[in-house]
Amino acid sequence: MKSTYKYLLFLFTLGLVSCELEEEPYGFYSEDNFYQTAEDADAAVNYAYDALTYLEYSRAYFYLGDLPTDEAFPKSDEGADVQDLHNWTVSNFSTNGILSNYFKYSYIIINRSNAVIKNIPNGDFDQGIKDRLMGEAYFLRAWSYFNLVKAYGNVPMQTELVESIDRTTSPLSANLDEVYDLVISDLQQAIGLMGLEQRLGRVDKVAAQALLSKVYLQIASSKEHGVSLYTEMNKDVDEMYNLAAQRAKEVLEGQSVYGFEEDLIEIYDVDQPLGRENIFLLSMDRSGEIEGDYSKISKLFIPYIDGATVYLENPDGSLVPTHDGWSVFQTTTEFYNSFADNDRRKTELIVDTVYNAAGEVVATYPGAIVYPFTRKYIDPDFIGDKTSTKPFLLRFSDIALVYAEAAGPTAEAYSYVNFIRNRAGLEDLPSGMGVNEFREAILNERKWELSWEGNRLFDLRRFNRVTEVVPEASGLSETEANFYPIPQTEIDLNPNL
C-alpha cells in the first residue's frame, strides 16, 4: 500500500508509472513541452489505457464480477481480501484491498483521461487525430465511472485534471443521475468523435455504442427491479430500455467489422484477438517484459495439477498445450451443473479431462482435477507464466443479448438469442414468451454465455437477485448486496466523503 504522500503525488501528476505491484512515480511533464504533436497526444492516451492493465485493476474484473457470485469460490489458502469478497464479509469491505485498489485505479484512469481532454484541443496537429484521441479519452472516463457506479453507487465526481491539492477532495455525486448523466454524455461525445477502426487495446465508435447500450440497460433493469438509489433516478424505464435497444442495434447492424463467430473456440483464440466478436480487449502479450504488458490471467482459472504442461482436447480431437495454474477461481458444482449436458459452452469450453503430449489421460474431474475449469483463457504458446490471455471487456454476443433483453420478445430479439443458443448446440427458446419471462431467459443465457468474463455480479445486482442467488450473501440488506462501501482510505484522504 502506498503512503498518502505517494498516492496524492500520483493523482495530481502525470509521472510515468510501471505496471508492477509496487509502483514508484517518476518524471514530470510540462504543458509547455507536451501535447504539441500527434505523437505526444497518442502517448498520453496510451498512458490512460495503460492503467487498465495494472494487476490490481485488470484482475479485479474477475474478483468483483465472478468470485462473489454463484460461479466460483476461491481456494482455501487465498488471502483474507479474496475470502471476504467471496463470503460477503461486509464488515471488512471498507478496508478490503481489492476494492480499494479498484476504486483507486479507476480514478487514475479518470485523471489521465481528464489530462487528455484538457490538453489535446490546444495541440498543433491534425483535427481528425485530435477528435479520435479525444473520443478515446471520453470513452475511458465513461468506462471508469460506469464501473465505479455499478460497484459503489454514488462516487466522487472528478471531471477536471487534478493539478493541485485542493482538487483531490471532490464530494460524492448528489445522486446516480449525476454519475450516469456524465457517462452518457461522455459516450455520446465519443461516438461523435470516433470512427470505426478495430485496434487491439484501443476503442472505436462501435465500442462506445456498445458500452452506451449497456449503460442504458443497467439503468432500466435496475430501476425496474427496485434497486435502491436507482429507484430515485430521474429516468424512465421504458425510455432506457428503448435507448439500450437502439444503441445495441447500431452495433449489431450498423457496421460490418464486428459480428458473431460461428465457432465457440474461435472466440477465445488467443492468437486472433481481433476476431469479429472482440469489440474491446486489453493489449497484453506474452512477449512483454513486465506483468501488465504480459498476462497471468490464465493461472487464476486453471487448477494446479502436477506443475507441468498439460494438454486439452479440441472439438476436432487435436490437443492444445497449456500450463497448469494456481486454482484461484474454482467452479462451483451448482454452476457447472446449471449448463445443459449438450451445451457446447460446457462440453467445449469447460475442461474436465487433461492429457499428456501422447494423448494419454493425465487427470480427470472429479479426481486429480479438483474442479472443472474454463478454457476461455488458454495460451498454447505460453512462455513460462507469461501469456497473451486478456479480459473480454466488450464482446459482440454480449451486446446481442443486451439488445434482446432491452427489446423484449420480438422476432428480431429471438433471432439473436437463438443464434447464440444454436451455436452452443441448444434448441431455440420457446416462442410466445411474455416480456418478463423472456428477460429472465436472457439473464440465464448471459450466465452461460458470459461466464468468467466479469459480468455475473452486475447482472445479479440489476435484477436485485444477489441475496437470492448467492448463498453467501443471503441475509444481507439490499444496500449491502448491491453496493460496496467507499474504501476507508478514500474517506481518510477526502474530508468531503
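Does Arg 286 count as buried or exposed?

Reply: Arg 286 counts as buried, because its relative accessibility is 14%; the limits are under 20% relative accessible area for buried, over 50% for exposed and in between for partly exposed, with a 1.4 Å probe and protein chains only. This is a predicted model, in which local features need pLDDT of at least 70 and side-chain atom pairs count only at pLDDT 80 or more, while totals for chains, interfaces and linings use all residues. Residues are numbered from 1 along each chain as its sequence is written, and side-chain values use heavy atoms, with hydrogens and water left out.

The partner of Arg 286 in a salt bridge is Asp 271, with 3.0 Å between the closest N and O atoms. Such a bridge requires a side-chain nitrogen of Lys or Arg within 4 Å of a carboxyl oxygen of Asp or Glu. Arg 286 belongs to the loop between E2 and H12 and Asp 271 to the loop between helix H11 (264-267) and E2, so the pair ties together parts 15 residues apart in sequence. Asp 271 counts as partly exposed because its relative accessibility is 43%.

The structure holds 38 salt bridges. Among them is the pair of Glu 291 and Arg 59, whose closest N and O atoms are 2.4 Å apart. This pair links distant parts of the chain, 232 residues apart: Glu 291 is in the loop between strand E2 (278-281) and helix H12 (297-301), and Arg 59 in the loop between helix H3 (55-58) and helix H4 (60-65). Both Glu 291 and Arg 59 are buried.

A further salt bridge joins the side chains of Arg 395 and Glu 453 at 3.1 Å, N to O. Arg 395 lies in strand E10 (residues 392-395) and Glu 453 in the loop between helix H17 (435-449) and helix H18 (456-462), so parts 58 residues apart in sequence are tied together. Arg 395 counts as buried at 1% relative accessibility, and Glu 453 counts as buried at 7%.

Gln 218, in helix H9 (residues 205-224), is buried, with a relative accessible area of 7%. Leaving aside residues up to four places away in sequence, Gln 218 touches Phe 146, Lys 150, Tyr 180, Tyr 230, Phe 458 and Arg 462, contact meaning heavy atoms within 4.5 Å. Leu 187, in helix H8 (residues 176-193), counts as buried at 0% relative accessibility.

Strand E3 (residues 310-313) runs antiparallel to E4 and is joined to it by four bridges, where pairing requires at least two DSSP bridges between two strands. Tyr 311 stands opposite Pro 321 in E4. Five residues lie between the strands, and Gly 317 takes a positive phi near 95° in this hairpin.

Terms used:
Helices (H or I, at least four residues) and strands (E, at least two) are DSSP runs, numbered from the N terminus.
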